[in-house]
Amino acid sequence: MVLTILFILKIILFIKMTGIQYNQAIIFTVSALFALFAFTLIYFSRNKKKQSIAFSFYNIMSAIMFADAVYYHYFNNLPSLIMLKQLGSVAQVGDSVRAVINPLHLLFLVDIPFLCVYSSKKKKKIKKSAKVYEKKIRIGIPSLLALTLAIVITVLSVGGYGTVLGRQELFTYHAKDFVSLFKSEDAKGEGEFTEEDLAHLRKRAMVDNGKLTGIGKGKNLLVIQVEGLQNFVINEYYDGQEVTPNLNSFIKDNSSIYFDRYYQLLGRGNTSDAEFVSNNSLYPSMEDPTYTQYQDITFCGLPWILRDNGYTSWVLHGYKPEFWNRSAAYPNQGFERFISEENYNVGEVIALGLNDKDFFKQSLPYLKEMEKPFHAFMITLSSHTPFTMPEKYHVIKLRPEHKDTMFGNYLQAIHYTDEAIGEFIEDLKKEGLYDDTVIAIYGDHFALSSMDEANEKIMTDYLGYQYDYDSMMNIPLIIHVPGEEINETVSKVSCQLDFLPTILNIMGVKNEKGVMFGKDILNTEDSFVAQQTYMLKGSFIDNEKVFVMSRDGVYKHSRAYYLDTREPVDLEKCKENYNRAIEEINKSNYVLRQGGRFSLSHLSGKDSTKLVAHAGGKIRGLTYTNSRESLDKSYKKGLRLLEVDFIWTTDNKLVCLHSWDGFVNKFFNVPVKQYSYDEFANFKMIHGWQQLTPDILAEWMEKHPDAYIVTDIKGDNVEGLRILKEEYPHIQDRIIPQIYHMEEYEPIANMGYKNIIYTLYLSSKVSDEEILEFARENELFAITMPEKRAEGTLPNLLKKEGILTYTHTINDKKTKKKLEQNGVYGFYTDELRQ
């Protein structure tokens, strides 16, 4: 009894320590049933060593929970059994692993020595009593528990919880993982951790002696992140005019290293993600800006590492402290002080805020104030798009065709910033800071998008070759170590992910606590950059080629070309690195993410997501009403996902109506034609019902905080969702967009929509294989399909991948049951109840 109670308490602790946020009751129930079955099977048996067996089981499972919790804390995922075989090696990784063990982890083990005494006494008591249970108890109770457990798991699996159990429930996960050991390599689960993975982690988490190791040891570190600094302007002469003379001079200095094939690596946070990736060597979030999604999480990045080695770490930026959520995120990033717009005398504003020259001049007193050695992180502003420099700073004489273009304006802006950097370097020399400070300068992200036709044409003409993703995302990195004869141009492909391990090597500092997904550029031949923003997830750049994953998510539709010749590359040569790119990002996400695949946090379990009220739901025998009253009725029936139709008015606004044909006459008794927004809003709907506009819908949602709207936008879907995001940001997280074509996913995901449904009624020619590949590579809430397609093999194929499927429009229970048996999870319906 004691072991059983303590084990169940550990299950509760395990649920807490492994970050299970949803379905806790389900997971606890299944784990508790497993535990009860095991202990009753042991204690009700006739085995004379039952106490030893029970205590051994308890100890083994406690050790597994301990290992799971420690590993989860490190990777945000449960380990594979392969990982358990390597626990001895893990312990040798050093402080980087020991740092993740906290006192709560030890609760899984701390009671075991004390229970040795209890177990010894219990054995004697059992032996003395020699109690033998009746057969109906000895066999019946364990059998009943086993049957109950089997029924519960079956029901949950049919109900769509199989993936949840397989990934989070202690016994189910490890049973599934154990089975995976005997499958082929391709079938192994996400939690796999091999000796090769361990060696890879050790290499990334520790800096060994190598090229230039420790040459900056003990010196100050000044990192300057330059807004919109692209690599093509470096050493560039525009009609004989040097665009960045100060940076060029800095690169030519004997103490400088220049990385000319260095690439941006962003998520949804642009400049802030450039900071996050550079300082933490982790891929950024693709759900929200990382500083927002993980503002309360403490990552062991550059500021913390240097502080642990006696540095003072400040960040300086001449803009609003709340922008990109910096003021909330910086403390957990490790910065001791944030010098923001509020601390500067903002005179002349260029671009977003304080101009770069004033920023650098006013920052000098703060640098002098910092206790040595210091780490200062500075972020510039003036070269921010759209590069609107005052006329007096237009130094570059532009050709007529480049005047008033983004390209021409950018040259003026970056020349100004270059001048500001040059003056700042001279000021550092005058103040006696230059000779004892390592200076790193890099660009945060591109300035001129290759996806903009005007930019692409101008840049292609100017450069003399196709302006593509590799040119767009190429930013410079310059590292200057005073007094060192190290001048070199490093042309290995690398990215912001690699900044942290590279600068730590130079500074002679080890990362003893965190995980780094980048490489020390100076001491590696592994040149590889996995992209997931602008280029679709799975895209990559290596030393030879660029692979651009197709926008429709289908591998065979992708393209690849050689970096040097720009000639096309056979896609088969890209498959290995394509898989590596996805794997790299997924592993980093284990560290970042706290939740699962879904973010419908207001719903009480996934049962609430099984039915979707079609066009608001049926009312008084009528469908497609999209009325307020239909929403009210569906809500009272227990539905929390409510589909609403949107259509464009003559003045390019959205209203809630299925179409302008028979429906406008049917529901409003007006002639069939397209109307303006005001005309629609002033119509009198039949039965005194209230028609929906986005304003009325937003008001309804505010009164129903656990309701979610599934959009069905006729016409320009992407533009419609952009309008909803901009005009109703307070409800964006409860808007579930439907996309009709694969290429709509990325622009809509980039807007910050978290739950996206791919509906197939306009994709009848897209194969099951293409849909599966698209679903694997992108985070979807679900895939919706017509009834005829739901009768095929696709639902079960998607179910095996852990992807929900919906069918439309189903109104009878018999059809619903038949489709559920075919793997369909949920249904759009006019009249079924939750």
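How many bridges join β1 to strand β9, and in which sense do the two strands run? In this predicted model, β1 is joined to β9 (residues 374–379) by 5 bridges, and the strands run parallel. Within this pairing, Ile-224 lies opposite Met-378 of β9. Strand β1 also pairs with β10 (residues 437–443), again in the parallel sense, over 7 bridges; here Val-438 of β10 is the bridge partner of Leu-221.

Because 7 of its 7 residues are buried, strand β1 is largely enclosed by the rest of the structure. Asn-220, Leu-222, Ile-224 and Val-226 point one way from the strand, whereas Leu-221, Val-223 and Gln-225 point the other way, and all are buried.

A further sheet is open and consists of 4 strands in the order β14-β15-β16-β17, with antiparallel pairing. Its edges are formed by β14 (528–531) and β17 (559–562); each has a single partner strand, so one side of each is left without a neighbour in the sheet. On average, neighbouring strands of this sheet are turned by 10 degrees against each other, direction ignored. Strands β15 (residues 539–542) and β16 (residues 545–548) form an antiparallel pair over 2 bridges, and Ile-541 stands opposite Val-546 in β16.

At the surface, a nonpolar patch is formed by Met-1, Ile-5, Leu-9 and Ile-12, which together present about 420 Å² of accessible area. Of these residues, Leu-9 is found in helix α1 (residues 2–17). Leu-9 counts as partly exposed because its relative accessibility is 49%, the partly exposed class lying between the buried limit of 20% and the exposed limit of 50%.

How values were computed
Residues numbered from 1 in each chain as written. Predicted model: local features only at pLDDT ≥ 70, side-chain atom pairs only at ≥ 80, totals over all residues. Heavy atoms only, no water. Patch = residues over 30% accessible without salt bridge, like charges linked within 9 Å, V, L, I, M, F, W, Y side chains within 5 Å. Areas by Shrake-Rupley, 256 points an atom, 1.4 Å probe, with all protein chains shown as cover. Salt bridge = Lys/Arg side-chain N within 4 Å of Asp/Glu carboxyl O. Buried < 20%, exposed > 50% of the residue type's maximum accessible area, 1.4 Å probe, protein only. Pairing = 2+ DSSP bridges. Axes fitted to C-alpha atoms, helices over the stretch in contact; angles between N-to-C directions.
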